[in-house]
Amino acid sequence: MSKPKVAFFDFTCCEGCQLTVIDSLQTCPELLDAVEIVQFREAMSEKGEDYQIAFVEGSLARPADEERLRGIRERAQVLIALGACAHLGGINAIRNRRPLQKVREYVYGDKAEWFDAYEARPIGAATKVDYFIPGCPIDRDEFLSVVTALLQGREPKIPDYPVCVECKLKENVCLYDKGLTCLGPVARAGCGAICPSYGNSCEACRGLISNPNIDAAEDVLKEHGLTAEQVMAGMDLFGTYQMMEMEGVSYD
Ligand code: SF4
Ligand code: SF4
Ligand code: SF4
């Protein structure tokens with residue numbers, strides 16, 4: 001039986017999620033026996049265009065990206081957003097808060113007109129995405145578990161409960177009790193609450209859960225004399241695109 005063919009693609013990003021994939025494959029080399037990788041710019045020079053599973057890293061940052069993404073989508077049976085840039089728009093979308101022309105001039109100076117650009121967005125804004133692997137960067141073990149599920153014909157399972165669950169299981173002292181804020185009550189778990197475990201606030205790099213318990217979160221905020229706006233400002237690192245969507249901004 002032929003092995004499933006897998007390809008990796010990158011759009012605007014730091015490529016840290018692809019590096020995490022390489023790291024995963026080094027620690028789990030048996031996976032390389034189960035699939036055939038036909039395209040992976042960071043790891044090989046071949047560029048096969050025949051694949052069933054496509055992993056896409058990075059945000060869309062210019063109109064031409066959409067056409068390239070649609071070509072990938074047409075060839076792939078399964079398309080997976082790899083990391084916060086692809087899944088959420090991620091840190092690239094921070095620029096969407098500023099006028100696009102100013103951003104272009106800041107980056108390209110007097111050559112701004114030479115380069116095409118638009119507001120950064122997640123790949124799901126332009127095409128159907130079957131699954132996502134969240135995080136900045138992705139979690140190595142979660143990548144392996146998603147690939148394993150796909151190879152076994154199962155639905156990959158990504159946690160849809162808050163980071164607070166993992167944080168409390170670790171018996172961390174809550175950052176709110178230390179006078180800080182944290183997006184743990186509404187952010188998607190799966191990272192082992194790594195940031196609060198090291199004393200840093202969660203900034204929801206894995207996105208928001210589908211049904212956050214807003215009432216409970218508001219009670220915590222009230223108890224500490226904080227407003228939702230103060231806390232949600234922490235979303236601006238990874239979730240600017242989603243925040244602006246909630247504010248009614250759209251780029252159609
Ligand atoms: S999600 Fe983070 S680590 Fe992954 S490509 Fe984007 S910026 Fe880099
Ligand atoms: S530190 Fe953050 S993640 Fe941990 S319990 Fe408090 S709010 Fe939740
Ligand atoms: S604690 Fe929050 S910001 Fe840190 S890795 Fe987890 S989801 Fe991302």
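A residue is described here as buried if 20 or more other C-beta atoms lie within 10 Å of its own, as exposed if 12 or fewer do, and as partly exposed in between, with C-beta atoms placed from the backbone. By this criterion, buried residues make up 37% of the 252 residues in the chain. The structure is a predicted model, in which local features need pLDDT of at least 70 and side-chain atom pairs count only at pLDDT 80 or more, whereas totals for chains, interfaces and linings use all residues. Residues are numbered from 1 along each chain as its sequence is written, and chains are lettered from A and ligands numbered from 1 in the order in which they are written.

The chain has 11 helices and five strands, where helices (H or I, at least four residues) and strands (E, at least two) are DSSP runs numbered from the N terminus. Its radius of gyration, taken over C-alpha atoms, is 19 Å, close to the 18 Å given for 252 residues by the globule rule (2.2 Å times the number of residues to the power 0.38), so the chain is as compact as a globular protein of that length. Along the principal axes, the C-alpha atoms fill a box of roughly 60 × 50 × 25 Å. Of the contacts with a separation of 6 or more, 73% are between residues 24 or more positions apart, a contact being a pair of residues whose C-beta atoms, placed from the backbone, lie within 7 Å.

Strand β1 pairs in the parallel sense with strand β2 (residues 36-40) over four bridges, with Phe40 of β2 as the bridge partner of Phe8. A parallel pairing over five bridges also joins β1 to β3, where Ala7 stands opposite Ala54.

Strand β3 (residues 53-57) in turn pairs with β4 in the parallel sense over five bridges, and Ile53 stands opposite Val78 in β4. Between these two strands the chain passes through helix α3 (residues 63-75), and the resulting β-α-β crossover is right-handed, that is, with the strands pointing away from the viewer, the path from the first strand over the helix to the second runs clockwise. Four of the five residues of β4 (residues 78-82) are buried, so this strand too is largely enclosed by the rest of the structure. Three bridges join β4 to the parallel strand β5 (residues 131-133), in which Phe132 is the bridge partner of Ala81.

The surroundings of the ligands were defined by residues whose C-beta atom, placed from the backbone, lies within 6 Å of the molecule. Around ligand 1 there are 13 residues, of which the closest are Cys13, Gly16, Gly83, Cys85 and Cys136; the elements giving two or more residues to this shell are α1 (16-27) and α4 (84-88). By class, the shell around ligand 1 has eight nonpolar, three polar and two charged residues, where Ala, Val, Leu, Ile, Met, Phe, Trp, Tyr, Cys and Pro count as nonpolar, Asp, Glu, Lys and Arg as charged, and the others, Gly among them, as polar. Cys136 is joined to Pro137 by a cis peptide bond, with omega about 0°, and Pro137 lies in the loop between β5 and α6 (140-151).

Ligand 2 is surrounded by 14 residues, the closest being Cys164, Cys167, Cys174, Cys182 and Gly184. Helix α7 (residues 163-169) supplies the largest share of this shell, four residues, and the shell divides into 11 nonpolar, two polar and one charged.

The shell around ligand 3 includes Cys191, Ala193, Cys195, Cys202, Ala204 and Cys205, and has nine nonpolar, no polar and two charged residues. Ala193, in the loop between α7 and α8, has a positive phi of about 50° although it is not a glycine, and counts as buried with 23 C-beta neighbours inside 10 Å. Ala204, in the loop between α8 (194-197) and α9 (214-223), likewise has a positive phi, near 60°, and is buried, with 28 other C-beta atoms within 10 Å. Leaving aside neighbours within four places in sequence, Ala204 is in contact with Leu183, Val186, Ala187, Met235, Phe238 and Gly239.

Conventions. Two residues are in contact if their C-beta atoms, placed from the backbone, lie within 7 Å. Two strands pair if DSSP finds at least two bridges between them.
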